[in-house]
Amino acid sequence: MDQPNRMSLLLPVAFALLWASSYATARIGLNDISPVLFVTIRFAIAALVIFSIVALTGRDKFPALSHWPPLLVGGALVHGLTLAPAHIALITVNAAPLALVHAFHPVLTAALAVPLLNEKFTPRQWAGMVLGLAGVVLAFPFATTQWSVIALVGLSLAALTGGTLFLKRFAPFVAPFPATAVQLCGGAIISAIGVGLFETPQVSWTGSLVFVMSWNIVMVSIGAMVIYSLMLARGQAGRAASAFFVVPGSAAVMAWVLLDQTLGPLALGGLTLASFGVWLVWKQAD
């Protein structure tokens, strides 16, 4: 296999694995820090690092000021209102079911893009949508989860989907790497407001917290975005979306290894069904 073909296969897998790793590592960090404060610090530092990289390398241009308002709003949704509720939910919900809900987002986004953005959806994709939804219902522990936590997970999915559609509609041609820094600023602002309104911030800077915070900043918020930018440059946006079908399984394995979290037969069946549904929707995406 030549180098370009090898890279076209490795980049989506690396992106998905880094994305999946954030669930288990974040759960470890929540032993030492309150959840909304966790994401606020993560976003603020990641934004600062990306701005510094862009300024020092000069490879990408900073977004025009006219693009900042939609990027800030989109970032508040995609980052802040997605991860702040998710981190609160992670205190009581295992990593794999939450990853499964988030992995359903590209399917839901693609379906909603049909009426909202006039995009097309094939019968195969509709079938994947139904299977993905059925898998989420089977795998997520609705019976043992408080309704307040279910509402937080629903808010997280809605914000991720709505923010993606918003950015696609109002900021579609902005260079992804520097745009992410602006989006992270929006996420940090809305999360900081959440800390002030709803949380009594607590933090104990243990070695494990420093490690998982660093991992989520460097490897997820920055590293995964660099990989996504590379895939966009290679015309592989579809592959990035299709890689989501391996996220739930990867997150389940990492949660088992790092947190000793296991899934029952019904949850495993739902995870498999939903992953297949996501794959159906994004099959032949490129």
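I'll start with a contact between two helices: Leu 98, Val 101 and His 102 on α4 meet Val 153, Ser 156, Leu 157 and Leu 160 on α7. Sorted by type, the residues of this contact come to 5 nonpolar, 2 polar and no charged. Bear in mind that this is a predicted model.

Now the geometry of that pair. Two packed helices are described by the angle between their axes and the distance between the axes. Here α4 covers residues 95–103 and α7 covers residues 147–170. The angle between them is about 30°, and the axes lie 9 Å apart. As for handedness, α4 and α7 make a right-handed crossing.

Next, cavities. How many cavities of 30 Å³ or more does the count give? The count comes to 1. The volume of the largest cavity is about 30 Å³.

Which residues line the largest cavity? The lining consists of Ala 96, Pro 97, Leu 100, Ala 139, Leu 263, Ala 267 and Leu 271. By type, that lining divides into 7 nonpolar, no polar and no charged.

Back to helices, then. The elements that give two or more residues to this lining are α4 and α12, the latter being residues 265–282. Of the elements, α4 gives the most, with 3 residues.

So much for the separate parts; α4 is what links them. Helix α4 packs against α7, with Leu 98, Val 101 and His 102 in that contact, and Ala 96, Pro 97 and Leu 100 are among the residues lining the largest cavity. That's what I have on α4.

Technical notes: Residues are numbered from 1 along each chain as its sequence is written. This is a predicted model: local features need pLDDT of at least 70, side-chain atom pairs count only at pLDDT 80 or more; totals for chains, interfaces and linings use all residues. Side-chain values use heavy atoms; hydrogens and water are left out. Axes are lines fitted to C-alpha atoms, for helices over the stretch in contact, and angles run from 0 to 180 degrees between N-to-C directions. Helices (H or I, at least four residues) and strands (E, at least two) are DSSP runs, numbered from the N terminus. A crossing is left-handed if the near helix is turned anticlockwise from the far one by less than a right angle, and right-handed if clockwise. Contact means heavy atoms within 4.5 Å. Ala, Val, Leu, Ile, Met, Phe, Trp, Tyr, Cys and Pro count as nonpolar, Asp, Glu, Lys and Arg as charged, and the others, Gly among them, as polar. On a 1 Å grid over the protein atoms alone, a cavity is a set of points where a 1.4 Å probe fits but cannot get out, and a pocket is an open set with protein on both sides within 12 Å along at least five of seven lines; lining residues have an atom within 4 Å of a point. Grid points are joined across faces, edges and corners, and a volume is the space filled by probe spheres set on the points.
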